[in-house]
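Subject: Structure for your review

Dear colleague,

Please find below the structure that I am handing over to you. My notes on what was found in it follow directly after.

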Amino acid sequence: MYKNFLKIITFLSILVSPFLFTSAYAKTKVGFVYLTTPGDHGWTYAHELGKQMVKKEFGNDVEISIVENVPEGPDATRVIRELAKQGNQIIFTTSFGYMEPTLKVAKEFPNVKFEHMTGYKRTKNVATGNIRFYEGRYVQGVVAGLMTKTNKIGYIGAYPISEVIMGINAFAQGLRSVNKKATISVIWANTWYDPVKEADAAKVHIAEGADILAQHTDSPAMLQIAEKNGALGFGQSTDMGAFAPKAQLFASVNNWGPYYIKKIKQLKDGKWNTGGGPDHWAGNTWGGLSTNMLTLSNFSNMPTDVAKKAQAAHDEIKSGKLKIFAGPLKTNDGKEIIGAGKTLDDGALWGMNYYLEGVTGKVPK
Amino acid sequence: MENLLITILLTSIPILLAGLGELVTEKSGVLNLGVEGMMLCGAVAALGSVLIFGNPYIGILFGAIAGILISTVFSFFTITLMTNQVATGLGLTIFATALTGLIGEPFVGKTAASLPKLEIIFLSDIPYIGKILFSNDILVYFAIFLIFFIHFGFQNTKIGIIIRAVGDNHDSAHSIGYSVKLVRWISTSFGGMCAGMGGAYIPLALTPHWSEGMTAGKGWIALALVVFSSWMPIRLLIGALIFGGITILQFVAQARGWDVPSQFLNMLPYLATILALALISLKLRHNNYAPACLGKHFLGNK
């Protein structure tokens, strides 16, 4: 009897100890799910840098768990559930394809907060974070329009979803603001990260006459191929100049740190929310150049007057003077989207399933 | 157009090299389904060695050695221990996929030097075909050489005929004094070497860095091509070019705005593989090209 009693006491104390510790130190447990290993470039590395900013900001007040190399799909559900079970209070899932898995697990753990990048579905405990990547792509378009000699731009897209399409359209708006003759042709890689496919697509673009390449995929393969073949291009997510010192014009750099810190602070203060509107927009994050969630790396491999124009476009977007999707806007088959004097709102951007003028071909169905 | 043709040729080189190696392996009667895995080993070894030594030619060497080493594992199990060849080959690929992921982890995101192009004087100046055929890196020339080497080897040399004998009827080959197991070990190692070089070609020339599973099914296509070519090296070249062509075509179609779903085009290389196999199996009923002892164990004690 006495023995059993001891056993029960030990068992109970083991059960209770994690709670004792958390209350004693008031540590916030934060989970991250990464699509790949962070490496030293690209999408996941940008998240890794954000995570390091969190560590710096909160020090010992947070306990961070990371799971790397999580494929989008059922595996993701398993991993996210595991993180929730381990007592993480806020979980950042850092790829578009984690959208459904995140929602599924969020239902099972109503007290855990989830932050999904970069989806569009939200619930009571799932907020979303995103960057206005398209603002950087407008500046890319300006540079491309001034630098191209063949007037052919090769663009590599991941999946034909609105987030990627709005990037292509913003690029086209920038391109046409300086060069009406240039056109963009798009190759869909149907993957976020596959260096072999991205390289093949880049080679085909160059063989088809493109001299400026842009990408909405994650590896530096496109820039490496451009470097080898004397073409130019733009880096993605992080500065990729080291991979292609002679080919990178500049890179749009993702800066997730401020967003992570803001949301963790809200959680600590008990103010975490997803906003009240039908789309919960208020509590969700979609920052761009103006909030420093998107920055541009140094302009290189271009004459100073081009760099000046690029800087000017950057400054005008940042200050809000330049509206990227200001009317009149026409699709590439001549249909009017909005007339002069109007501007597309955020909701319309997420409904984009058409190409604007300057892009060739059709959006795949 | 010229650039497109070069791209197609280069894309088909890994499949061609791996296919040629597997062809020799199968001619000796061994079916090694581990091509994909051996290619991955070659790729990771090549990239790693180039990062360490800085010379892409060393990458070819290490790719070849890695291919031989991993194929030796296969030989030991199937030829010496006489395990099932199909299961062992599949196991080899699964094992190698994970192993190369582990070994390659430190190389993720690192850029390696590419193989330099070697222009052959005079020939590379021929309009149109000069640039396509005579201005390539060493492995392209080697792959073309290998086609003829294997073709004439099987037709005209004693060693070639011994390999064919072992693959077609191992009991007779054994009864006239040839070591069936030794011939199979060597042929399988040759296949491993070629697959390793084919894998090495991917980071050394096509995409200058490592990513997990970067062969992306090329090993399986190489396997199908061996059947498609009905074990003839020259037909293997044609097949490899068709597959390289389809791989590139899916991107060309998109760049030119042809109204075909990209998912359908992504599927084409594999669809073509299945079609090729179906056509060949129809033909095989009348004319049997396959080595008669393919996949069979040799139970003799030598």
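A:N151 sits in the loop that runs between α5 (133-147) and β6 (152-157) of chain A; helices (H or I, at least four residues) and strands (E, at least two) are DSSP runs, numbered from the N terminus. Please note that this is a predicted model, in which local features need pLDDT of at least 70 and side-chain atom pairs count only at pLDDT 80 or more, while totals for chains, interfaces and linings use all residues. Residues are numbered from 1 along each chain as its sequence is written, and chains are lettered from A and ligands numbered from 1 in the order in which they are written.

Backbone geometry in chain A

Although A:N151 is not a glycine, its phi is positive, at about 60 degrees. A:N151 is partly exposed, with 17 other C-beta atoms within 10 Å. The classes are set as follows: 20 or more other C-beta atoms within 10 Å of a residue's own make it buried, 12 or fewer make it exposed, and anything in between makes it partly exposed, with C-beta atoms placed from the backbone. A:S237, also not a glycine, has a positive phi of about 75 degrees. A:S237 belongs to strand β9 (residues 232-237) of chain A and counts as buried, with 23 C-beta neighbours inside 10 Å.

Two cis peptide bonds deserve a note. One runs from A:M117 to A:T118, with omega near 0 degrees, and A:T118 is placed in the loop between β4 and β5 of chain A. Another joins A:G327 and A:P328, where omega is about 0 degrees; A:P328 is in the loop between α10 (304-319) and β13 (329-330) of chain A. For context, most residues other than glycine have a negative phi, and most peptide bonds are trans.

Helix α4 of chain A

Within helix α4 (residues 99-108) of chain A, the buried residues are A:M99, A:P101, A:T102, A:V105 and A:A106. Viewed down the axis of α4(A), these buried residues fall within an arc of 165 degrees, so they line one face of the helix; the arc is that of the directions from the helix axis to the C-beta atoms. A:K107 and A:E108, on the other side of α4(A), are exposed. The cover over the buried residues of α4(A) includes α3 (74-85), β3 (90-93), β4 (113-116) and β5 (126-131) of chain A.

Chain B has 12 helices and two strands. The radius of gyration of chain B is 19 Å, close to the 19 Å that the globule rule gives for 302 residues, so chain B is as compact as a globular protein of that length. That radius is taken over C-alpha atoms, and the globule rule is 2.2 Å times the number of residues to the power 0.38. Buried residues account for 49% of the 302 residues in chain B.

The contact between the chains takes 29 residues from chain B and 30 residues from chain A; two residues are in contact if their C-beta atoms, placed from the backbone, lie within 7 Å. On the side of chain B that touches chain A, α11(B) gives the most, with six residues.

Yours sincerely
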